[in-house]
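User: Got a model open here and I'd like to go through it with you. Can we start with the strands and take it from there?

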Amino acid sequence: MRTALFLRRFSTRGPCRRLRMISRHLCRPCHNREKAKGLGKYVCQRCHLVIDEQPLMFKNDAYHPDHFSCTHCGKELTAEARELKGELYCLPCHDKMGVPICGACRRPIEGRVVNALGKQWHVEHFVCAKCEKPFLGHRHYEKKGLAYCETHYNQLFGDVCYNCSHVIEGDVVSALNKAWCVNCFSCSTCNSKLTLKNKFVEFDMKPVCKRCYEKFPLELKKRLKKLSELAARKAHPKSVGLNSA
């Protein structure tokens, strides 16, 4: 009893107080980590004991050489080991578990899976082949086994609609030296749909149907006619005509 009182008195001040503040209760794995840190050694990720010999390193984790083995079959692992939920597996055992493998990093996909180009991908690893930005659920365009964002697909391969600025997936209307979606090729004044069989004139780099053109002021129509004739001369020096209404 006297001893207990003696310790309690001295634990409130001086060096003993500092010792009491430093002391901690540790579980065995944490105790082993602290011990290994003091000895400049590693702790095995499988058994959580200090590794006295040369450790085997895998993705910055240390293992006893005889503990670097498949959790399922016990086979000794190589650098091709797969990690899933903190456990290590050989390739055959891992594949039998039906876990998808990312087509980019070749690591297991535990969360959301993107299925594209005949492969499976981590969301953050399914990227544009040109700018390498993740699609993150946005639309992608495929070409020769690669995926592209809309911007770079347009730049590299696509016909882009002059009106909506999207890749034209169906028929292309080529008019006024531009490409148009079928649904986007319309009169810029009344929005009535046009085809190449309709008569139209170019105004402000867009088509105008014959009916709207007839409503234009006379001076404007004369100016448009001159511009059309000038363009025709440049395109066909030997023939002059108005390619309009």
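User: Which residue in β8 is the bridge partner of V113?
Analyst: H122 is the bridge partner of V113. Keep in mind that this is a predicted model.

User: How many bridges join β7 to β8, and do they run parallel or antiparallel?
Analyst: There are 4 bridges, and the two strands run antiparallel.

User: What sits between them?
Analyst: β7 and β8 form a hairpin with 2 residues between them. In the turn, L117 has a positive phi of about 55 degrees.

User: Which residues of β7 are on the covered face, and which on the uncovered one?
Analyst: β7 spans residues 113–116. V114 and A116 make up the covered face. V113 and N115 are on the uncovered one.

User: Moving along the chain. Where is C131?
Analyst: C131 is in the loop that runs between β8 (119–122) and β9 (141–143).

User: What does C131 touch, sequence neighbours aside?
Analyst: Not counting residues up to four places away, C131 touches C149 and H152. C131 and C149 are 18 residues apart along the chain, and their C-alpha atoms are separated by 8.2 Å.

User: How many disulfides in the whole structure?
Analyst: A search of the whole structure finds 0. C105 is in no disulfide, and the nearest cysteine sulfur, that of C102, is 3.8 Å away. C184 is in no disulfide either; there the nearest cysteine sulfur belongs to C161, at 3.8 Å.

User: Switching to aromatics. How many aromatic pairs are there?
Analyst: The count comes to 10. Take Y153 and F157: their ring centres are 5.5 Å apart and their planes are at 55 degrees, so that pair is tilted.

User: Which residues are in the cluster with them?
Analyst: Ring pairs link Y141, Y148, Y153 and F157 into a cluster.

User: Are Y153 and F157 buried or partly exposed?
Analyst: One of each. Y153 counts as buried at 14% relative accessibility. F157 is partly exposed, with a relative accessible area of 35%.

User: What about lysines over ring faces: which rings do K178 and K221 lie over?
Analyst: K178 lies over the face of Y162, at 5.1 Å from the ring centre. K221 lies over the face of Y213, at 5.9 Å from the ring centre.

User: New spot. Where is S69, and is it buried or exposed?
Analyst: S69 is in the loop between β4 (61–63) and β5 (82–84). At 13% relative accessibility, S69 counts as buried.

User: What is S69 in contact with?
Analyst: Leaving aside neighbours within four places in sequence, S69 is in contact with R46, G74, K75, E76, L77 and L88.

User: Zoom out. How many helices and strands in the protein chain?
Analyst: It has 7 helices and 14 strands. Of its 245 residues, 31% count as buried.

User: And what is the accessible surface?
Analyst: About 17,800 Å², with 52% of that belonging to carbon and sulfur atoms.

Methods:
Residues numbered from 1 in each chain as written. Predicted model: local features only at pLDDT ≥ 70, side-chain atom pairs only at ≥ 80, totals over all residues. Heavy atoms only, no water. Contact = heavy atoms within 4.5 Å. Buried < 20%, exposed > 50% of the residue type's maximum accessible area, 1.4 Å probe, protein only. Pairing = 2+ DSSP bridges. Phe/Tyr/Trp six-rings, centres within 6.5 Å; stacked < 30°, edge-to-face > 60°. Lys NZ or Arg CZ within 6 Å of the ring centre and 35° of its normal. Areas by Shrake-Rupley, 256 points an atom, 1.4 Å probe, with all protein chains shown as cover. Disulfide = S-S within 2.5 Å.
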